[in-house]
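Student: I would like to learn how to read helix packing and pockets from a set of coordinates. Could we take one feature at a time, with the general idea before the case?

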Amino acid sequence: MKTLLNLIWLVLAGFWLAVGYAVAGIICCVLIVTIPFGIAAFRIAGFTLWPFGRTVVDKPTAGPGALIGNLIWIVFAGWWLALGHLTTGIALCLTVIGIPLGIANFKLIPVSLLPLGKEIVPSDRPFA
């Protein structure tokens, strides 16, 4: 079931979201100072390609640098990315078929809002 949901997600939304995050990652990697944001954008891009069966958890080794980076990220990118995922998720949940895709969009909100100090791991829930 996860594979079917991932394929539908990939065709309808995941590919374009991943391309957007990958372009943002490339732009962030141009400057040395913004490379951590670029790496986070690439991590989100991979997650948006195949979100079902994986989840985001806090990285145990994250320190104060991740906190400072997340504050900078929220100001410049995180709030509008999270808002975009929220509105898209609500719109997808208006149809019965779109509910799992809307939930996947809601899963992207925490990592798009605070991407540093997070890691993506396999989930043990059937549709997560």
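Tutor: The idea to begin with is that an angle over 145 degrees between two helix axes, taken between N-to-C directions, counts as roughly antiparallel. In this predicted model, helix 1 and helix 2 pack at an angle of about 170°, with their axes 7 Å apart, and the two helices are therefore roughly antiparallel to each other.

Student: How many nonpolar, polar and charged residues does the contact of helix 1 with helix 2 have?

Tutor: That contact has 17 nonpolar and five polar residues, and no charged residues.

Student: At what angle do the axes of helix 2 and helix 4 cross?

Tutor: The same cut-off of 145 degrees applies: the axes of helix 2 (residues 35-49) and helix 4 (residues 99-113) cross at roughly 175° and come within 11 Å, so helix 2 and helix 4 are roughly antiparallel to each other. On the side of helix 2, Ile44, Phe47 and Thr48 take part, and they meet Lys107, Leu108, Val111 and Ser112 of helix 4; by class, the residues of this contact are four nonpolar, two polar and one charged.

Student: Which residues are the closest to the centre of the largest pocket?

Tutor: The largest pocket has a volume of about 280 Å³, and of the 15 residues that line it, Ala24, Cys28, Trp73, Ala77 and Trp80 are the closest to its centre. Helix 1 (2-28) and helix 3 (64-92) are the elements that give two or more residues to this lining, which divides by class into 13 nonpolar, two polar and no charged residues.

How values were computed: Residues are numbered from 1 along each chain as its sequence is written. This is a predicted model: local features need pLDDT of at least 70, side-chain atom pairs count only at pLDDT 80 or more; totals for chains, interfaces and linings use all residues. Side-chain values use heavy atoms; hydrogens and water are left out. Axes are lines fitted to C-alpha atoms, for helices over the stretch in contact, and angles run from 0 to 180 degrees between N-to-C directions. Helices (H or I, at least four residues) and strands (E, at least two) are DSSP runs, numbered from the N terminus. Angles under 35 degrees count as roughly parallel, over 145 as roughly antiparallel, 65 to 115 as roughly perpendicular and the rest as oblique. Contact means heavy atoms within 4.5 Å. Ala, Val, Leu, Ile, Met, Phe, Trp, Tyr, Cys and Pro count as nonpolar, Asp, Glu, Lys and Arg as charged, and the others, Gly among them, as polar. On a 1 Å grid over the protein atoms alone, a cavity is a set of points where a 1.4 Å probe fits but cannot get out, and a pocket is an open set with protein on both sides within 12 Å along at least five of seven lines; lining residues have an atom within 4 Å of a point. Grid points are joined across faces, edges and corners, and a volume is the space filled by probe spheres set on the points.
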